Amino acid sequence: MRSKWISILSLFLLAPVCWAKIQLVSTIPDLAWLAQEIGGEQVRAKALLKGRENPHYVDAVPDFIRQVSDADVVCQVGMDLEVGYLPAILARSGNAKIQSGGSGFCDVSKSIPVLEKPFGAIDRSMGDVHPFGNPHFYLSPTAMMFVADEIRNALLKVKPDQKDLFESGIKTVKARLQIILTANRDKLKTFQPEHMLVAEYHKEFVYFFNDYGFKSLGSVEEKPGVPPSIGRLSEFALAAKKAKVRFILAADYHSAKNLKRFEELSGIPVIQVPTLIQGELGSDAYASLQNQIVDKIVHVLTVVKK
Amino acid sequence: MKSLCLILICFVASQGRSAGDASGLKISAAVDIIGSVNVNTKDSARDRIDVREAEILLTGPIDHVFDGLLSFAAHSEKGIARAELHEAFIGSTKLIPRSQFKVGQYFLGVGRLNRFHRHEWPFISAPKVQEKFFGAEGALDTGLEYTVLVPTSFFLAATLGLSNGYTYGHSHNEGERPKVPTHYGRLASYQALPLGGGAELGLNFLQRTAADSTRMTLYGVDFAAKWREGPALNVLLQSELWVRVLEPKATRAEKALGFYLFPQKALTEQTYLGVLWDYYTVLELKDVTGKHLQNNEQKFLPTLTYKASEFSTLRLAYSLAYLAQDGHKTKNEQKIEAQATFIIGAHPAHAF
């Protein structure tokens with residue numbers, strides 16, 4: 001009789017723990033979207049950023065501390081992208097498990113085939129160089145498949161009994177990422193991106209260009225994170241014009257003034273696009289982001305062709 | 001002491017380099033150079049440029065539970081650099097849920113300027129209220145500080161601290177055992193604002209009864225609002241208001257009030273224009289006949305800042321200072337102030 005009461009009591013006490021959703025907080029919305037797709041009803045994912053911010057420059061907002069203080073898992077892009085604010089937030093959260101190296105800390109860059117990892121000595125005179133390589137892989141559906149694996153591993157640490165659900169989730173999301181990639185490659189096929197030279201304002205489309213077969217002349221910024229001087233704008237405009245660059249991609253948070261000036265100097269269209277999911281994290285959020293970027297490119301190429 | 005500090009700095013720095021990333025030790029150095037020129041007086045005795053502060057900071061995890069911080073600073077005091085231990089504490093965010101604590105020597109966690117190193121301030125010199133109530137650089141002491149995040153649907157953090165209180169502010173002597181040690185608290189909250197902004201508000205309390213039985217009580221409000229646009233801090237609004245009550249055992253209490261307000265706007269991604277309004281008054285000041293004397297000290301400092309990156313800053317300010325008593329301006333000082341700061345090596349992530 002006594003053991004029966006203990007069992008019932010245990011059930012009541014443990015039930016909220018077993019049925020509770022995994023609270024996952026990511027820095028950028030794209031990771032939260034991926035986690036939600038993988039974890040389904042077992043996960044409640046949210047992001048610290050809203051998607052309109054420049055992810056290089058974010059303040060360690062006190063409300064972020066509150067959000068991560070209750071989290072079971074915190075996911076970061078890594079490769080020093082969040083170095084300016086995330087350590088300050090984690091250090092004040094009073095949450096042991098999500099600290100760097102803890103069971104709930106998830107650095108999704110761990111298994112990414114990294115591009116642009118600098119060789120040799122680097123220092124700050126070279127601008128805001130990411131010493132571990134280019135961290136903007138979240139714009140590539142291919143890279144997001146590797147990210148999915150990392151998030152699945154992080155979720156499994158919290159709820160190993162939900163392995164089947166997470167495996168099923170990851171299978172579905174990878175298939176969806178492949179569909180996004182194929183559909184957008186098809187849209188671009190007629191323009192033969194592999195024979196097209198393009199460029200970017202800041203080096204954040206490297207993985208995206210790789211996925212869709214574009215060749216890049218480089219970036220308008222001479223040193224990452226340092227606004228280009230008039231001299232640099234003119235120099236790069238001339239080089240881009242000479243190399244027949246078809247368009248420049250830039251994030252929607254970059255200086256419209258510099259981009260406009262570059263467009264005037266070079267006559268090359270500048271396409272400003274969102275680089276992170278903005279708004280609701282619905283199932284089609286990532287597809288919408290990719291479609292939006294590719295559709296803008298297609299539009300510009302179509303107009304130029306005509 | 002000076003030589004010992006320098007030897008220690010060199011030793012730890014060299015150890016840090018060889019330890020590399022395996023230990024997680026991060027080393028940085030911050031230098032703060034200031035200069036000023038009097039404009040409307042013939043007194044040019046203080047027209048000079050000085051290294052106000054050179055600080056070496058070491059931070060890193062001690063083990064899987066604790067983190068440590070150690071910093072040494074050389075200050076210019078009357079033109080002579082004086083090296084001293086600045087902060088040295090052990091702390092953890094992993095031991096008690098929703099909490100963090102630190103034990104050791106640190107700047108007391110009250111107000112806003114007091115919680116930031118001087119080279120991180122958005123203006124050159126300490127406002128009068130900071131100088132009078134905490135010391136030009138901030139109140140430094142050895143003790144224990146505990147911060148807990150209140151489980152609410154919005155950010156609410158309570159900080160409580162207890163420190164020796166043998167000395168107060170930035171002192172270079174041993175001090176005397178106080179009647180009641182320094183104890184303080186801060187309740188902070190945060191509110192998101194339209195157009196991507198956010199504001200932090202803090203309510204503060206600090207009290208200490210010195211060895212001579214003089215009780216000092218401080219009540220304060222600190223406020224900071226920011227609107228960021230990419231690398232540029234588009235708008236910054238920062239303010240603190242403090243009231244101090246000094247209650248000596250034999251004489252009557254003295255009350256003083258001070259505040260500053262600093263609005264700043266980005267002109268470009270790298271240049272900023274702000275104005276510091278600095279106000280200080282002794283409340284209930286009376287002359288020998290017992291007549292109430294109105295009095296205040298005010299400063300207006302338009303300040304132009306150039307930040308090539310978060311690691312270097314150049315600043316130029318024009319300071320207009322007035323001292324008024326009983327409706328008459330008794331002093332009018334104008335000077336040009338300049339500042340250059342830089343950070344080399346690792347730099348910890350910034351708090352809001």
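## A helix tucked away in chain A

Start with helix H3 of chain A, which covers residues 62-69. Pro62(A), Asp63(A), Phe64(A), Ile65(A), Arg66(A), Gln67(A), Val68(A) and Ser69(A) are buried there. Buried means under 20% relative accessible area, exposed means over 50%, and partly exposed is anything in between, using a 1.4 Å probe and protein chains only. That's eight of the eight residues in the helix, so H3(A) is largely enclosed by the rest of the structure. Helices (H or I, at least four residues) and strands (E, at least two) are DSSP runs, numbered from the N terminus.

A word on the ground rules: this is a predicted model, so local features need pLDDT of at least 70 and side-chain atom pairs count only at pLDDT 80 or more, while totals for chains, interfaces and linings use all residues. Residues are numbered from 1 along each chain as its sequence is written, chains are lettered from A and ligands numbered from 1 in the order in which they are written, and side-chain values use heavy atoms, leaving out hydrogens and water.

## The nonpolar cores

A nonpolar core here is a set of buried Ala, Val, Leu, Ile, Met, Phe, Trp, Tyr and Cys residues joined through side-chain atoms within 4.5 Å. The largest one has 88 residues, and the members touching the most others are Leu34(A), Ile151(A), Phe208(A), Phe247(A), Leu249(A) and Ile297(A). Helix H10 of chain A (residues 285-305) gives the most to this core, with 10 residues.

Take Leu249(A) as a way in. Setting aside neighbours within four places in sequence, its contacts (heavy atoms within 4.5 Å) include Phe205(A), Phe208(A), Phe209(A), Ile271(A), Val273(A), Ile293(A) and Ile297(A). Glu200(A) is also among the contacts of Leu249(A).

## Where the chains meet

How many residues does each chain bring to the contact? Chain B supplies 31 residues and chain A supplies 27. Together they bury about 2300 Å², with carbon and sulfur atoms giving 55% of it; buried area is the accessible area (1.4 Å probe) that two parts lose on being put together, summed over both. On the chain B side, Thr93(B), Arg98(B) and Phe155(B) lose the most area to chain A, together 22% of what that side buries.

Two salt bridges span chain B and chain A, where a salt bridge is a side-chain nitrogen of Lys or Arg within 4 Å of a carboxyl oxygen of Asp or Glu. One joins Asp70(A) and Arg98(B), at 2.5 Å from N to O. Asp59(A) also pairs with Arg228(B), the closest N and O atoms being 3.1 Å apart. Asp59(A) sits in the loop between strand E2 (43-47) and H3 of chain A, and Arg228(B) sits in strand E10 of chain B, so this pair joins two chains. Asp59(A) counts as buried at 14% relative accessibility, whereas Arg228(B) is partly exposed at 28%.

## Charged pairs inside chain B

Over all chains, the salt bridge count comes to 22. Asp222(B) and Arg186(B) form one of them, with their closest N and O atoms 2.8 Å apart. Asp222(B) is in strand E10 and Arg186(B) in strand E8 (residues 180-193), so the pair ties together parts of chain B that are 36 residues apart in sequence. Asp222(B) is buried at 1% relative accessibility, and Arg186(B) is buried at 6%. Both belong to a salt bridge network that also links Arg112(B), Arg115(B) and Glu200(B).

Glu284(B) and Lys255(B) make a salt bridge too, at 3.9 Å from N to O. Here Glu284(B) is partly exposed, at 42%, and so is Lys255(B), at 33%.

## A threonine to look at

Thr159(B) lies in strand E7 of chain B (residues 156-163). Is Thr159(B) buried or exposed? With a relative accessible area of 9%, Thr159(B) is buried. Its side chain makes a 3.0 Å polar contact with that of Thr147(B). Leaving out residues up to four places away in sequence, Thr159(B) also touches Arg186(B), among others.

Technical notes
Polar contact = N/O pair within 3.5 Å; in protein donor to acceptor, adjacent residues only side chain to side chain.
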